[in-house]
Amino acid sequence: MEIDSATNGNSDAVMTESVATITPSPVVPSSRSNQFTESLKLEHQLLRVPFEHYKKTIRTNHRSFEKEVSTVVNGVGELADSDWSKDATVSRLTSLVTRLQGLKRKLEEGSNVENLQAQRCRARIDHLDSVDVENITEWNNTKLKRILVDYMLRMSYFETATKLSENSNILDLVDIDIFREAKKVIDALKNKEVASALAWCADNKTRLKKSKSKFEFQLRLQEFIELVRVDTADSYQKAIQYARKHLASWGATHMNELQHVLATLAFKSTTECLKYKVLFEPQQWDVLVDQFKQEFCKLYGMTMEPLLNIYLQAGLSALKTPYGFEEGCTKEDPLSQENFRKLALPLPFSKQHHSKLVCYISKELMDTENPPQVLPNGYVYSTKALKEMAEKNGGIITCPRTGLVCNYTELVKAYIS
Amino acid sequence: MELKSIKDAFDRVATKQKLSYSKTNEIVQLLSQEIDKALSILQKTPSSDTLLVDHRSILADVKKVFMEIAPITQLEAAEKELHAALTKYPKVLEKQLNPDISKAYRNNVEFDTHIVNQIIANFFYRQGMFDIGDCFVTESGESECSTRQSFVEMYRILEAMKRRDLEPALNWAVLNSDKLKQARSDLEMKLHSLHFLEIAQGKNSKEAINYARKHIATFADSCLPEIQKLMCSLLWNRKLDRSPYSEFLSPALWNNAVKELTRQYCNLLGESSESPLSITVTAGTQALPVLLKYMNVMANKKLDWQTMEQLPVDAQLSEEFQFHSVFVCPVSKEQSSDDNPPMMMSCGHVLCKQTINKMSKNGSKSSFKCPYCPTDVDISRCRQLHF
């Protein structure tokens, strides 16, 4: 080895050398671009949720416009068939004109809202379109923030969710307003009120019916239970009336549950009969909240679980190796962190089909470009790192793990297939 | 995946929505016009009972015109077209994208919210987003994050470096000099060099030399060539940009120092230099498509997805996620372990111990042929490797 080069002020020295090692080379293997496409496919929720919102707005608006128009048309028809005085006719017509003017205004407003929502849908498609090799790090950063906002919204941490979205300029990429709608219902249910949940059901009647949801039925059952709980002669009467009005229609499809709940009439809320006792328990309301969350996610095409949990599970499994749980594990491995270890504990280990060797010294991958070399004691390091060491130390290699000293010429190449 | 077909499908929705809107607008316009017309005729004609028949005939006319316009039918037709586009779009999404990424999710594993929240809070702090971190901690009701203060300190140092003020960084590096040496980091030398160059740039060679004597000379053991370059650069003091040492002016030096400081600071805290949360989620982004594909292919087979101890497929993470050497025996396809370590044969090819035992019939044969080359392998010359 030429030790002389080290004394020459122009040799590869510490500072320039580390420039090369710290900034990873920007070369991206071709399989990476395929990886982009594959990872974009994970973004169904991102595009679906705002669209469902948009669709709902369009439908609601359309229905109300149609209703108004037909009211006016019918109004004229009735007017023509009746024998009102002329003055009365004029005033009737004038009111119809006012109505149409109101409709025009509503149309304008409705269209503005729709356009905003369409814009949001489009912003998300554009966001997916914007990813490329150059900005992938930044894009992944944004993605992480989106995932965190999704988590916070599902946990009802609205303040932080809003702050983070504003701060990172991703308001168009997250669904704060949609979750606010859900929060109203959840809060009401937590207060043991079903009204807003029922209103929500009415609002989404066709969709819920299509998916054969029985959420409304469950809400009605709970209301029935609450009437039974009051435990006065009058309340039983009310409960029965309520059941006739709201529960009977579900009998055709959910007879067993209906019978089960109606039998509470024979028990008091203080009953010790386990099967019925459970129906009176306050936890039933938590069940309703969970039920609502599920229906809500389904309706908007969201995953039931927070995105964060899904990504963490997959990531932890893919990173989980027995080495990560060892004492001297490199701090760069997330699994060296106590919290990550705890989360990963019940998850499967990763699997690798091919050897991948990381140089202990340089932390670089050892491959055909930078093949592994074996010291006489069986310890393996990358050619690059060993060469550098030899150049600095006049051809002498010191094993960083065992302290063994040997000559560069004593090394042998290992072939890993 | 075709992003274009998604775009096209959405454009169709947006066009139909506009069309439906203008149709409705047009109809409302038409209806108002007709009523206005009737009203103006009615109001012009003087009020008199004999004209009773007249105003009724006007109304009948309006009614007739309305019937001809058939507004409801027109609205319904417009809606029908819109409806078709609205139904199609989600189908396109489902076809082009993965409609349910939770298929590869283990439902029987529930994360402790408390731990997840701590991880998130720590993420915000290490990214320097202290406001948001604080807000999160308050809102989620978690206890104060223990690492917050350390990261505040780190960002104070980094902010100062951005202003080209090296003092806080140097103070920290000197204070942790021993630990940095242990980690084989040249951060301290790097910072001193930067400081030296700053002084030299200030046209004060003498002061720079004094600084080098005091602070840089001690690194002679490890950084001699570097010191030589630094000192030589003094010769070109005024025109460093046209000298062989122009690299000393590069902002990359500062960026590298910032990166190295972040790395070392985090490491001394027992943290990784990249945020572990962001590493894990990015790894998840790479692994999920592979796992989902596997689930799809195996959809009909009975799978113990919820209980298996090792993933059934290679998640194919990219290099930066390879934190450990993993040796997979090319013959048995098993990962090496303490009980089954990798062994190198005399020809340099590597197999794991169990495979070698098998090939030598448990040592009953003293030699066997390497499966990868024509060498006859002597068992006594196989030796264990440590990666």
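**Group meeting: a two-chain predicted model**

Hi everyone, let's start at A:N169, which is exposed, with 10 other C-beta atoms within 10 Å. A:N169 has a positive phi of about 60 degrees although it is not a glycine, and its place is the loop between α7 (158-167) and α8 (176-190) of chain A. Helices (H or I, at least four residues) and strands (E, at least two) are DSSP runs, numbered from the N terminus.

Some housekeeping: this is a predicted model, where local features need pLDDT of at least 70 and side-chain atom pairs count only at pLDDT 80 or more, while totals for chains, interfaces and linings use all residues. Residues are numbered from 1 along each chain as its sequence is written, and chains are lettered from A and ligands numbered from 1 in the order in which they are written.

B:K333, not a glycine either, has a positive phi near 65 degrees. B:K333 sits in the loop between α13 (276-297) and β1 (342-344) of chain B, and it counts as exposed, with 12 C-beta neighbours inside 10 Å.

Now, how is chain B divided? Its domains are domain 1 (3-98), domain 2 (148-268) and domain 3 (325-387), with bounds from an automatic or database domain assignment. The centres of domains 1 and 2 of chain B, taken over C-alpha atoms, are 73 Å apart. The radius of gyration of chain B is 38 Å, whereas a compact globule of 387 residues would be near 21 Å; that radius is taken over C-alpha atoms, and the globule rule is 2.2 Å times the number of residues to the power 0.38. Of the 387 residues in chain B, 33% count as buried.

Next, the cores: sets of buried Ala, Val, Leu, Ile, Met, Phe, Trp, Tyr and Cys residues joined through C-beta atoms within 7 Å. In the largest nonpolar core, of 85 residues, A:L148 and B:A287 touch the most other members. Leaving out residues up to four places away in sequence, B:A287 touches residues of both chains, including A:A314, A:A318 and B:L317; contact here means C-beta atoms, placed from the backbone, within 7 Å. A second, separate core has 27 residues, among them A:L357 and B:F327.

Key:
A residue is buried if 20 or more other C-beta atoms lie within 10 Å of its own, exposed if 12 or fewer, and partly exposed in between; C-beta atoms are placed from the backbone. Two residues are in contact if their C-beta atoms, placed from the backbone, lie within 7 Å.
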